[in-house]
Amino acid sequence: MADTTYEVTQQRDQMDDLFNNAKEKILDSEDVTIYTHTDCDGVTAGSILSTILDRLEIQHDVNFVEINELEDQRCESDLAIISDLGAGQDVSKIVGPDQKMVILDHHPPIRKVGEDLNFDYVEINPNHYNLDGSYTISGGGLSYLLAKSFGFYDLSWMGILSAIGDMQNSMTGKLRGLNREILADANEVGVVNYQEDLMLYGRHTRPLFVALSYFGDIHLPLTNNRNECIYFLENLNIPVKDQLGNVRYLYDLSQAEKGKLFNALLKMMVREVPNKYIEHVPKLIMGESYEFTFEDPYTSFKDASEYSTVVNACARNKKYNLAMEVIKSQDRSHIQDELESLVKGHKQYLAQSLSNLSSNGDVEILDNLQYFNADGIRANVVGTIAGMLLSNYDWQKPIIGYTHVDSDEPMYKVSLRCSKLLSYDGIHFGHIVSDIAAKCGGSGGGHSVACGAYIPEDNMDQFINLLNNSINLV
């Protein structure tokens, strides 16, 4: 154990040296261009970096780019900072020999530590230190650690938002690795509270019986049945409404009520899963919740999961600057109407897309895989739709959706989602998809339960067949 502790300390010391290097590059620059990814993690990472530069009064621009767009960027500033992407891309043409670059990414890198490029750069990536970037720290988490080198500990809450938005808690229901360091900072400065809680989405914004109807990624008697959820709660003597007639949320429940609900859900879920998964069921029901102390309860910003949904809604509608303003500004009164309209429209779009797919029976079922052609659905929400469809079909098989994307050659973007129980059984679909995409002339990867790929159009059938044949769900 002592050797392991020493090794971790040594890794952090090495990373701190890199953060200090990056800090010096920033302080030596008069203007900076930030390139960051377009999801919640990327937008939050960009917001952290922008806040750092605001406080240092350094001129900067923030550009939101997709992974396949990064290599075509050309920077004219003294310094380019790339966050939540860059590790797996050729960055050699983005800046010239008289410019500098900082790369803050948690995805698998294609460069070795200290690899020579034709400009001054520093690349900070946990994978270089045997730390798995899929759960130890997010892109926004790395951006926070850079902020920490300036003493900006109050930005730690953004590091937590990034981690939750990037589903870094998906395997165990709680944050791990370097994320715990960020959580400790956030808790110490009083911006984040966390506790063991039921893993129901909508802790502050969904009536309890509604949250229950969406619970889990396996089909239950409660799934999509609000009346059954109300009956279920009443049988547990958990009131659906308070004494004033207002609906209750998970946030309103006492610990005793949460205990009763946990035990009842556990009994129900154990009946629905094969014996080999039973030991993992409690991890689907209980985990850690993360709340921002400075936000009001019963809003979409109090709970980190709900907050990340708002950021994603903005980002998936290409309202990146609005998303960044949501994060950077505590006073949202001037954007409240636009924000509410956008989130409402986003939810309606998802519901309509889901309804169209369900009514048309467009999901094909193979031995080890389920898939649907998502043409006509925006590429950046196909993964969300796949996750929503999962509980309506066979949760023991992953589900993928694919749709055309604009590119130099006809290309599909593929999104895969699966039950957490499959990952608990040792299956990492991010790794599987990465290997198969490469065999099909594409690229891919991601998390164990949520990942994706870009596949040439002519090779899509090959990709599906190889994926189906590669999965052993016995």
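**Exercise 1.** Determine whether Y454 is buried, partly exposed or exposed.

*Solution.* First, recall the classes: buried means under 20% relative accessible area, exposed means over 50%, and partly exposed lies in between (1.4 Å probe, protein chains only). Next, take the relative accessible area of Y454, which is 24%. Y454 is therefore partly exposed.

The model is a predicted one, in which local features need pLDDT of at least 70 and side-chain atom pairs count only at pLDDT 80 or more, while totals for chains, interfaces and linings use all residues. Residues are numbered from 1 along each chain as its sequence is written, and side-chain values use heavy atoms, with hydrogens and water left out.

**Exercise 2.** State the strand order of the open sheet of six strands, and identify its edge strands.

*Solution.* Begin with the pairing rule: two strands pair if DSSP finds at least two bridges between them. The order of this sheet is 8-9-10-11-13-12, and the pairing is mixed. The edges are strand 8 (364–365) and strand 12 (443–446), each of which pairs on one side only. As an example of a pair, strand 9 (residues 370–373) and strand 10 run parallel and are joined by four bridges.

**Exercise 3.** Explain why I82 is classed as buried.

*Solution.* I82 lies in strand 3 (residues 79–83). Its relative accessible area is 0%, so I82 is buried. Now compare positions: I82 and Y35 are 47 residues apart along the chain, yet their C-alpha atoms are separated by 4.8 Å. Y35 in turn has N63 of strand 2 as its bridge partner. Strand 1 (residues 31–36) and strand 2 run parallel, with six bridges between them.

**Exercise 4.** Sort the residues of strand 2 (residues 59–64) by face.

*Solution.* The covered face holds H60, V62 and F64. The uncovered face holds Q59, D61 and N63.

**Exercise 5.** Locate E409 and give its accessibility class.

*Solution.* E409 sits in the loop between strand 10 (399–405) and strand 11 (411–417). Its relative accessibility is 43%, and E409 therefore counts as partly exposed.

Methods:
Helices (H or I, at least four residues) and strands (E, at least two) are DSSP runs, numbered from the N terminus.
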